[in-house]
Every structure is written in C-alpha cells, then in structure tokens.
Amino acid sequence: MSTAAAIARDSLPDTAGHFGRYGGVYVPETLMTALQELEAAYLEVRTDPAFQAELRHHLKEFAGRPTELYFASRLTEHCGGAKIYFKREDLLHTGAHKINNALAQALLAKRMGKKRIIAETGAGQHGVATAAACAKFGLECVVYMGAHDMERQALNVFRMRLMGAEVRGVEAGQKTLKEAINEAMRDWVTNVRHTHYILGTAYGSHPYPMMVRDFHRVIGREAKEQILAREGRLPDELVACVGGGSNAIGLFFEFLEDPSVRLFGVEAGGHGIKRGEHAARFAGGRLGVLQGCKTFILQDGDGQIELTHSVSAGLDYAAVGPEHAFYRDRGRIEFAYATDDEVLEAFQLCARLEGIIPALESTHAIVHGLKRAKALARDRIVIVNLSGRGDKDVQQVAKILGHQT
Ligand SMILES: *Cc1c(COP(=O)(O)O)cnc(C)c1O
C-alpha cells in the first residue's frame, strides 16, 4: 500500500481533469465554455465558508444529516466473523445518498444565478432528488428520462411531477439512461446561459467527477468520526456498490490515505460475466471514451457500447467513474461484483435479520460485505455503505419472487 499512501488525494484530478490516464474533457466545443464556467464557480465555493455553512445547514435540516452508523448485530451473528456496520444513507430524504449532490449543485446553481435546472435520470432516483432540491430552492426543473425507463418507473415520474418538475421522455435508441444523458447535454448546449446541468454521479467531463465526489465526501467524514467514537479505531474494510461511483468514492475518500483500511467497490454482475448480461466494467470492459469521459467501458471490438443488465437500475450503466479506474490501477481500491441471484438472496436476508429493506444497488455491497465478514476474525470491522432504501424495489422483487401484489 506504499504507492497508495504516496498519492496526495487532494491533488486529484489535475487541472485538466485527469485522474492519471482517466477522466478529462471530451465534449463538443460548444460545451467547453459551460464546463469552464462551472469549474471556476465550483472552485470558488469549494473554499467559501459561507457557501459550505449554508450547504451544511440544508444537509442537516432538509436531507437529514448526519446519518447513523448502525451495528448490524444479527447479520454479524449470522456470518460469525467481523463486525458489520451500515452507514445509513438510506435514511436520507428521498431515500438515498443522491440528495447530498443534488442539494449542493442546486445551491451552486443559485449562486451562479442560474434559474433553470436540467438533469438526467435512469431509475428516477437522481431525478427525484433533483426535483426535491429544485422545489426547495424555487428553481425550474426539467428531467430527461428514457421513455422505456418512464414506463418501468412510473411512480418516480409521478413523484417528480408532484414536486413541480417537468419530465421529458426520450425516444431515441434503447430509450434508457444513455439516451437521456445525450438529450440533457443537447439541452445544456442550447440553454447554457441560464441553465445548470445537475449530473447525478461521479462521472462525465471535468469538473463533474471531482465536484460530485466532493459533495459526497461527507459520508466518509461522518463514518470515520463515528467509528472512531464507537470502536476507538479505524475499520478494517469498507464496501460500497459502484454504478457511476459516487456513493463509493464519497465513503472511501476520507480513508484513501489510511493504508490499513481495505476498500472494495462492488459492481453489478447481473446474470454473470457474459457479453450483454452484466454491468461489471472492470470484469469485462476496457479503456474508451463515453459521454465526456475516458475510463473503463463495456464495448465490443469496434468500440460500440455493449448492452448491460442488472437487477438494479442504478448500477446498470456501461462506464465507470474515472477516479475508480485510477485507484484500481494503483491497487488502492479493489473491485468485485455481485450477481442478481446473490443480491435477491441478501435483500431478503437483510430485511429478515435487521428489519431494513435495502436498495437493490446497496444490496450488491451487502453481498460482498457478508463474504468479507465471514472471511475475517470477530475482532475485525467492516463498514458497508447502505446507499439507499429499498422501498422503490419492493414491487420488482415481489414480481421476481412470484408474490402477488
Ligand atoms: C444511483 C444509486 C447508486 C449508484 O450510483 P453511484 O453514483 O455509483 O453511487 C447506488 N445506490 C443507490 C441507492 C442509488 O440510488
């Protein structure tokens, strides 16, 4: 771990937005000005005590921070090994960590004098968090969503509309997240003067991966303080699921320079690592550029983006955040995947033993956390990031398990 310790985490990315050979800015010329303006505005508020204090206030009063660090005693007993703790991002307003970033970017947009917000959403979680933040701050909100996703996630579409957002269906291609992002970028180019684009994960062109990461660092900051207060020492391992990578890097960042702490990112193994059947970019992907960013991508020999599959919509994306690719190369963050079947089993186990119904995304982290706990001695500590709650997934799981609803 000596190489990892030698990386000054705060120096990343470099001024051009690179995490080593990953990240950067790959957009049409028309978007360069918007990204530069955003970077300048963000760098200003990053060290502005007034902005940070206002953000802390809203995170507490509106989102419900700090979230608890919860000892999962019965799952720990069940595994017979290391102590398992959950960082309870599922307790936040709108049901997941995404509100940390949505609130912060909405506040930044206000500061920049932008009165109109656009966002993309897949399953609808980021759209709901953005709609809530916009309602709170009185900002106009337009959310792009694939037409296919709108059908699958009708309830989230209604939630967004209740909170005053306009949801625009995208009919192109597969009619899912990738097409929704393209449409949001098109809107941004056209309306950049008064519009801010709230991207929902630690992905895309600089400064998004850095900025979204920073807005989620509060997760790791709290977790570190809480585990030190409770156990008097650092945890041995952290586990988080990785879609774009925002909840994971938010938890990990504060521990990057603690070499005794192992960090595990867990991707979606879907039906197993066969082409088109999963979304484990590090298990089947290679270097490429997608939607503004150079990183690990699931693609065929011609560079065509491959279809992905996961039981959890929030992990179902062909590319991974650039900072994760960088730290994986360095051996600092290790990666695993969980299959749909493992996830469905752990989902039920967690509900039954802890009285907590986790999001299917977060359940990927639980699957790996349980494996790690079993492999470690009882005096060890594993923290699993419970990125969201599973209320949104209950109907889908009922259908899969063959229950009548
Ligand atoms: C969106 C989502 C994720 C995946 O996004 P990351 O940016 O990788 O964190 C994970 N968990 C939940 C609950 C989500 O809603």
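Visitor: How do the residues of the shell around the ligand divide into nonpolar, polar and charged?
Guide: Keep in mind that this is a predicted model. The shell splits into five nonpolar, 11 polar and two charged residues.

Visitor: Which of the residues around the ligand come nearest?
Guide: There are 18 residues around the ligand, and the nearest are Lys98, Thr201, Gly243, Ser246 and Asn247.

Visitor: And how do I read the polar contacts?
Guide: Look for N or O atoms paired within 3.5 Å. Here, a polar side-chain atom of Ser246 is 2.6 Å from a ligand oxygen, and for a polar side-chain atom of Asn247 the distance to an oxygen of the ligand is 2.7 Å. Gly244 uses its backbone: one of its polar backbone atoms lies 3.2 Å from a ligand oxygen.

Visitor: How much of the ligand's accessible area does the protein cover?
Guide: The idea first: an interface's size is often given as the accessible area lost when the parts come together. On its own, the ligand has 380 Å² of accessible area, and the protein covers 96% of that. As for location, the ligand sits in the largest cavity.

Visitor: Which domains does the shell draw on?
Guide: Start with the division of the protein: domain 1 is 15–60 + 98–208, and domain 2 is 66–95 + 217–401. Each of them gives at least three residues to the shell.

Visitor: How far apart are the C-alpha centres of the two domains?
Guide: They lie 23 Å apart. As for contacts, 29 residues of domain 1 touch 33 residues of domain 2.

Note on methods:
Residues are numbered from 1 along each chain as its sequence is written. This is a predicted model: local features need pLDDT of at least 70, side-chain atom pairs count only at pLDDT 80 or more; totals for chains, interfaces and linings use all residues. Side-chain values use heavy atoms; hydrogens and water are left out. A residue is near a molecule or strand if one of its heavy atoms lies within 4 Å of it. A polar contact is a pair of N or O atoms within 3.5 Å; within protein, one must be able to donate a hydrogen and the other to accept it, and residues adjacent in sequence count only if both atoms are side-chain atoms. Accessible areas come from the Shrake-Rupley method with a 1.4 Å probe; for residues, only the protein chains shown count as cover. On a 1 Å grid over the protein atoms alone, a cavity is a set of points where a 1.4 Å probe fits but cannot get out, and a pocket is an open set with protein on both sides within 12 Å along at least five of seven lines; lining residues have an atom within 4 Å of a point. A molecule sits in a cavity or pocket if more than half of its atoms lie within 2 Å of its grid points. Ala, Val, Leu, Ile, Met, Phe, Trp, Tyr, Cys and Pro count as nonpolar, Asp, Glu, Lys and Arg as charged, and the others, Gly among them, as polar. Domain bounds come from an automatic or database domain assignment. Contact means heavy atoms within 4.5 Å.
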